[in-house]
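Open the model in your viewer and keep the selection panel at hand. The tour goes one selection at a time.

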Amino acid sequence: MRSKIVLLIPVIFMFSCTETQEKQPVDMWPVGFENLVELHCKARDLRKQRFDLADSIRNYTDLQLSNQESNEPILADDVKLRNWNIQKDSLVRESKDIADSIKVLLDDVIVKLETDQKRVFNDSLIKAVSSRGCE
């Protein structure tokens with residue numbers, strides 16, 4: 001019986017010393033959490049648009065080159081490709097602006113939170129973004 005009590009005391013002590021991570025309410029974060037979630041959703045949407053556009057450009061270019069009978073550089077004068085490149089540049093600029101905004105907001109959070117709070121914040125952000133269907 002005494003050996004069971006001796007074994008039980010360290011187990012109880014171990015469980016009493018472990019910290020439990022409490023979820024912090026969204027309004028308690030030191031940053032506009034909803035704004036950050038919205039920016040992440042926009043960034044993911046822009047990423048999808050950029051990838052779709054790149055696929056379109058690649059497919060069109062491959063088709064044009066396979067149908068080309070001579071080795072003349074006709075793609076440089078292609079109006080469709082020029083328009084797509086303008087659209088691509090616009091998407092890249094917009095993506096960069098959103099990434100910069102996210103970085104500024106996250107830099108503010110990193111300074112104010114402890115390591116465990118940062119993990120909880122990141123988990124909350126991922127959960128909020130995925131619950132909005134921003135995949």
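Contact here means heavy atoms within 4.5 Å. Helices (H or I, at least four residues) are DSSP runs, numbered from the N terminus. The model is predicted: local features need pLDDT of at least 70, side-chain atom pairs count only at pLDDT 80 or more, and totals for chains, interfaces and linings use all residues. Residues are numbered from 1 along each chain as its sequence is written, and side-chain values use heavy atoms, with hydrogens and water left out.

Select α2 and α4 next. Phe33, Leu36, Val37, His40, Cys41 and Arg44 of α2 are in contact with Phe121, Ser124, Leu125, Ala128 and Val129 of α4.

Now look at the two axes (lines fitted to C-alpha atoms over the stretch in contact, with angles from 0 to 180 degrees between N-to-C directions). The axes of α2 and α4 come within 10 Å and cross at roughly 55°.

Select residues 79-112 next. This is helix α3, with 34 residues.

Finally, select lysine 42, which lies in α2. Lysine 42 has 44% relative accessibility and so counts as partly exposed (between the 20% limit for buried and the 50% limit for exposed). Its C-alpha is separated by 9.9 Å from that of alanine 99, 57 residues apart along the chain.

How values were computed
Helix = DSSP H or I, 4+ residues; strand = E, 2+ residues; numbered from the N terminus. Expected span 1.5 Å × (residues − 1). Buried < 20%, exposed > 50% of the residue type's maximum accessible area, 1.4 Å probe, protein only.
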